[in-house]
Amino acid sequence: MRIRTAAPAVLAATALSVSVLAASPASAATARHQGGLHLGTIQYDSPGRDTRSNSSLNAEWVNIHNNSRSAVQLKGYKLKDNTGYTYTFGSYKIGAGKTVKVRTGKGSNASGVRYWGRTNYVWNNTGDKARLIKPSGSQLDSCSWARTGSGSTSCH
């Protein structure tokens, strides 16, 4: 008896939520990407064995995406993990709609890629948290993960 009397209310609530979702797809996208800079994909476990070779270190990386309509100067922005390892951007302008990849190992910085210059891994395979910090010290974005099997996570 309770199921029958509850069914119309459940159907009405479902219809209302479906119509609200259908009416505002842009707001759903805005909630996922809150504007400006944000963390994208993180490859926290480099494929293969962890040999600490530079190529293995560089197979561990974080993408930072600028989904705003204008370029952003990243000088002074920081990327941090739970341990406190910190990468600080020098002068680098990320264009509107562009992504910059921060690789853990050594290499030559170029458009769209920056190298942390470390000789050991940063991101813990079993779980960690990446933080994007503004030059003012306030946190702009963060992304956590636990081991999922793929070695990477999509933050947004």
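Residues 24 or more positions apart account for 56% of the contacts in this chain that have a separation of 6 or more, where a contact means heavy atoms within 4.5 Å. Before I go on, please keep in mind that this is a predicted model, where local features need pLDDT of at least 70, side-chain atom pairs count only at pLDDT 80 or more, and totals for chains, interfaces and linings use all residues. Residues are numbered from 1 along each chain as its sequence is written, and side-chain values use heavy atoms, leaving out hydrogens and water.

So what does the chain hold? Three helices and 11 strands; these are DSSP runs, H or I of at least four residues for helices and E of at least two for strands, numbered from the N terminus. Along the sequence, the pattern reads α-α-β-α-β-β-β-β-β-β-β-β-β-β.

Let's look at one hairpin. Strand E9, residues 127–133, pairs with strand E10, residues 139–146, in the antiparallel sense over seven bridges; pairing requires at least two bridges found by DSSP. Ile133 stands opposite Gln139 in E10. Five residues lie between the strands, and in this hairpin Gly137 takes a positive phi near 100 degrees.

Now, please find Thr126, in the loop between strand E8 (113–115) and E9. Is Thr126 buried or exposed? Thr126 counts as exposed because its relative accessibility is 68%; exposed means over 50%, buried under 20%, and partly exposed in between, with a 1.4 Å probe and protein chains only. Thr126 touches Ala146 and Arg147, leaving aside residues up to four places away in sequence. The C-alpha atoms of Thr126 and Arg147 are separated by 4.7 Å, though the two are 21 residues apart along the chain.

Finally, buried residues make up 34% of the 156 in the chain.
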